[in-house]
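Please read them with the sequence and the coordinates open beside you.

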Amino acid sequence: RGQLKIAVAAMAARCRLAARFHRVHGANVRLDASRTRATRVESFANGLCFSQEPLAPGQIFLVEIEEKELGWCGHLRVGLTAHDPQSLEVVPEYSLPDLVNMGDTWVFAITRSHNRVAVDGEEAPARARGPHWEPFLLIEQVRIPRDTLVGRSRPGRYSHILDDLYKMNVLPATARRSRIGVLYAPQPDGTADMHIVINGEDMGPSARHLPTARPLYAVVDVFASTKSVRVIPVEYGFPSLQTLCRLVIQKHIVHRLAIDGLDLPPPLKSFCKHE
């Protein structure tokens, strides 16, 4: 049990450090100063982003869709790659097919529906709906707090009071405020399965037999109608001091956007507004 606690603490620390985008990205991407928000500034392509660091086994890289752009067909694409972004001479224009064609890359295109994946003749598991949701999402041996994974109501007056009403009203996969994550789960044969998680729901193994001997980076393609995404940190262990501060601040305000008027460092304001 002691080793498990140490592993969880190490995972929590690693997740906080890795919850940002890599400095290497597509030509049409602009990152904010914290490298937690990626915006495609023109066209519909060249929106590739990567996690700053390789993911640990079971570590989810979670993003929230912040802005949409009308007029384009297609949505966000997510996955994993064994290519170190720093080693890319040129960032490919598309994740599908360009980056995938380079090999050792697995990318899944998110759609409005039909995101669940059945592999090798298996049936996709039934959707978990309603108040019977468990507080944790279990994927293989990975246990993730489900509350963080679910897209919430938009910030506004009293929205922090009404959040409970929105927990079971799951957003469509491609909607604004929807949360989408990717992780890999090690298997007994030494390989791993890639899982996509949409608003707290595991879509099943969308790719299998990934090599775990090489570092695996998250891939986020801010493609077509998806205009901007933000990385959402996921804490596997006890809440951090930063999270506890956010809970206290949110408890004592009426309007989330009133956080802008508080005498707080800009990064903490951003963290408080984007749970």
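1. The protein chain exposes about 13800 Å², and carbon and sulfur atoms supply 56% of that area; accessible areas here come from the Shrake-Rupley method with a 1.4 Å probe, and for residues only the protein chains shown count as cover. Buried residues make up 51% of the 275 residues in the protein chain, where buried means under 20% relative accessible area, exposed means over 50%, and partly exposed lies in between (1.4 Å probe, protein chains only).

2. A word on the source: this is a predicted model, in which local features need pLDDT of at least 70 and side-chain atom pairs count only at pLDDT 80 or more, whereas totals for chains, interfaces and linings use all residues. Residues are numbered from 1 along each chain as its sequence is written, and side-chain values use heavy atoms, with hydrogens and water left out.

3. The protein chain contains 6 helices and 13 strands; helices (H or I, at least four residues) and strands (E, at least two) are DSSP runs, numbered from the N terminus. Among the contacts in the protein chain with a separation of 6 or more, 69% are between residues 24 or more positions apart, a contact meaning heavy atoms within 4.5 Å.

4. Strand β10 (residues 191-198) and β11 pair in the antiparallel sense over 6 bridges, and Ile198 has Glu201 as its bridge partner in β11.

5. Another open sheet consists of 4 strands in the order β3-β12-β5-β6, and its pairing is antiparallel. Its edge strands are β3 and β6, each of which pairs on one side only, and the twist averages 20 degrees from one strand to the next. β3 and strand β12 (residues 217-221) run antiparallel and are joined by 3 bridges, with Asp221 in β12 as the bridge partner of Leu48.

6. Is strand β6 largely enclosed or left open by the rest of the structure? Of the 5 residues of β6 (residues 105-109), 4 are buried, so this strand is largely enclosed by the rest of the structure. Strand β5 (residues 77-81) runs antiparallel to β6 and is joined to it by 5 bridges, and Trp106 in β6 is the bridge partner of Leu80.

7. The largest nonpolar core has 34 residues, and those with the most contacts inside it are Phe21, Phe61, Ile196, Val220 and Val229; such a core is a set of buried Ala, Val, Leu, Ile, Met, Phe, Trp, Tyr and Cys residues joined through side-chain atoms within 4.5 Å. β4, β5, β6, β9 (179-186), β10, β11, β12 and β13 (226-232) each supply at least two residues of this core, and β10 gives the most, with 4 residues. Apart from this core lies another, of 13 residues, among them Ile60, Ile144, Ala185 and Val234.

8. Two polar residues deserve a look. Arg230, in strand β13, is buried, with a relative accessible area of 8%, and its side chain makes a polar contact with the side chain of Glu66 (2.8 Å). A polar contact is a pair of N or O atoms within 3.5 Å; within protein, one must be able to donate a hydrogen and the other to accept it, and residues adjacent in sequence count only if both atoms are side-chain atoms. Gln59, found in the loop between β3 (48-50) and β4 (61-68), counts as buried at 2% relative accessibility, and its side chain reaches the backbone nitrogen of Ala56 at 2.8 Å.

9. Finally, strand β7 (residues 136-139) and strand β8 (residues 142-145) pair in the antiparallel sense over 4 bridges, and Arg143 in β8 is the bridge partner of Leu138. The two strands β7 and β8 form a hairpin with 2 residues between them, and Glu140 in the turn has a positive phi of about 55 degrees. Glu134, in the loop between β6 and β7, is exposed, with a relative accessible area of 53%.

Notes: Two strands pair if DSSP finds at least two bridges between them. Axes are lines fitted to C-alpha atoms, for helices over the stretch in contact, and angles run from 0 to 180 degrees between N-to-C directions.
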